[in-house]
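Please open the model in your viewer, with a selection tool to hand. The tour below goes from one selection to the next and says what is found at each stop.

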Amino acid sequence: MVAMENSMNHDDLDELVGMGLRVSVSSAQIVFYIILVMMGILGNATVVGVIGKSVILESGRGRNSDIIIINMSLSNLMVSVMRNMLLIISDLGLELYSSKEWCQFLMGIWVWLRSVNVWSTLYLSAFHFQTLRRVTPITVNLGSRGAPSSLLSLALIWLLNFVYSIPALVFSTNGDVNTTETLMLVSSTTRPLLGCVWNFPSTYSGLAYATTSVVIHETIPVILMAFTNLGSLYTLYTHGKVRSTAPDGPIIKRVPAEKRAAKVILALIMLFIASWGTSIISVNYFNYSQGTSPEYLLVLARFANIIFIAMSPLILAVGHRRLRSTFKFLISH
C-alpha cells in the first residue's frame, strides 16, 4: 500500500491500523480473531517443536520435507507474533503509535516475514510436486543428501526477501492522530499498521514498489502453487494407472505413502490459495473502488489472512503421526 501523509480534521479522520484503515468489527469478530491468532501461535509453535526435535534426533528418510515444513511453520509463527498479535491489541481499543525508528523496523520485519511466508509455502508445494515425479523411490541416503540443498534454498528465500524488504526499512515513518492515508494500491504484503505510513520520495516510486509486491509476492506464487497442485494431482493419477497395470513394480510400493502425503500437502496448498486469493481480491477491489466498497471486504481479508496460519498445523497433523499424538495429548490435558 502506498501511503501519503495528509493533515486533516480529527472528525474526518480514518484511523490507521492493520488494513491501513480501522475497520468496524463486532465483539464476536474480535473474539473469533483472537482465537484464530492463538491457534496459529500455539499450533505452529508445536509443529516447529515436535518436527524440529525429530529432525535433530533422527536423520534419513523424510528429513528433507520435515525441514521445509518447519520453515513454513516458523514463518507462520513469526507473522502471528510480530503482526497479528499487534492487530489484536489495536482491536481491543489501545491506541498504538510507533516512533519513526520503530515504524521502520516493524515495517521491514512485516514485509520480510509476509514475503518469506508465501515463498516458503510455494517451496513446499514445488518440493512435493518434484517428489511425486521422481522415477525411483526416495531412499534414506537421498533424503540425507537432500537436506543441505533444501537448507541452502530456504536460506536463499530468507536472504532475497530481506533484500526486498530494505525499502520498508528506509521509506517508512510514523503518523499521528491527524494523519491519514491516500490509498493508491493495497498489498497484503506491504500494508502498514500501528500508525506507520509509507514515505516514498514520490507517489510513483511507492506505487511501483507496491505493484511489484502484488505481482512478485502474491500473484505469481499463488499461480505457481495452483500449477504445482494440478501437476501433483495429474502425477498421482498417472501413478494410479501404472499401479493397476503393474502392481508388483518397485515404484508402486511407494505410491500409497506418497498418496497419503499428497492429500495433506494438496489440502494445505489449496487452503493457502483460497485464503490468500480471497485477501488479494478483497483488499484490491476495496482499493479499486477508492474505499467506497463495503467495509466487510476488509474484514473478510483480515480473516482470510489468518485462516491459513491457524489451520495449517491441524492439516499437517492429519498426515504426521507424532504431531497428531502431540495435539491429542495437549487437547486431552
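Begin by selecting Ser312, which, leaving aside its neighbours within four places in sequence, is in contact with Asn44, Asn76, Leu268 and Leu271, where contact means heavy atoms within 4.5 Å. Ser312 is found in helix H7 and is buried, with a relative accessible area of 0%; buried means under 20% relative accessible area, exposed over 50%, and partly exposed in between, with a 1.4 Å probe and protein chains only. Helices here are DSSP runs of H or I with at least four residues, numbered from the N terminus.

Before going on, note that this is a predicted model, in which local features need pLDDT of at least 70 and side-chain atom pairs count only at pLDDT 80 or more, while totals for chains, interfaces and linings use all residues. Residues are numbered from 1 along each chain as its sequence is written, and side-chain values use heavy atoms, with hydrogens and water left out.

Next, select helix H1 (residues 27–57) together with helix H8 (residues 321–332): these two pack at an angle of about 135°, with their axes 10 Å apart. The axes are lines fitted to C-alpha atoms, for helices over the stretch in contact, and the angles run from 0 to 180 degrees between N-to-C directions. H1 is therefore oblique to H8, since angles under 35 degrees count as roughly parallel, over 145 as roughly antiparallel, 65 to 115 as roughly perpendicular and the rest as oblique. To display the contact, pick Gly43, Thr46, Val47, Val50, Ile51 and Ser54 on H1, and Arg322, Leu323, Thr326, Phe327 and Leu330 on H8.

Now show the largest nonpolar core, which has 49 residues, of which Tyr33, Ile51, Leu124, Leu268, Phe308, Leu316 and Leu323 touch the most other members. Such a core is a set of buried Ala, Val, Leu, Ile, Met, Phe, Trp, Tyr and Cys residues joined through side-chain atoms within 4.5 Å. Centre on Tyr33, which, not counting residues up to four places away in sequence, touches Asn84, Leu87, Ile88, Asp91, Arg302, Phe303 and Ile306. Apart from this core lies another, of 12 residues, among them Leu86, Val111, Trp198 and Tyr209.

Finish in helix H2, where Arg63 has its place and is partly exposed, with a relative accessible area of 28%. The C-alpha atoms of Arg63 and Ile51 are separated by 9.3 Å. Ile67 also lies in helix H2, but is buried at 10%.
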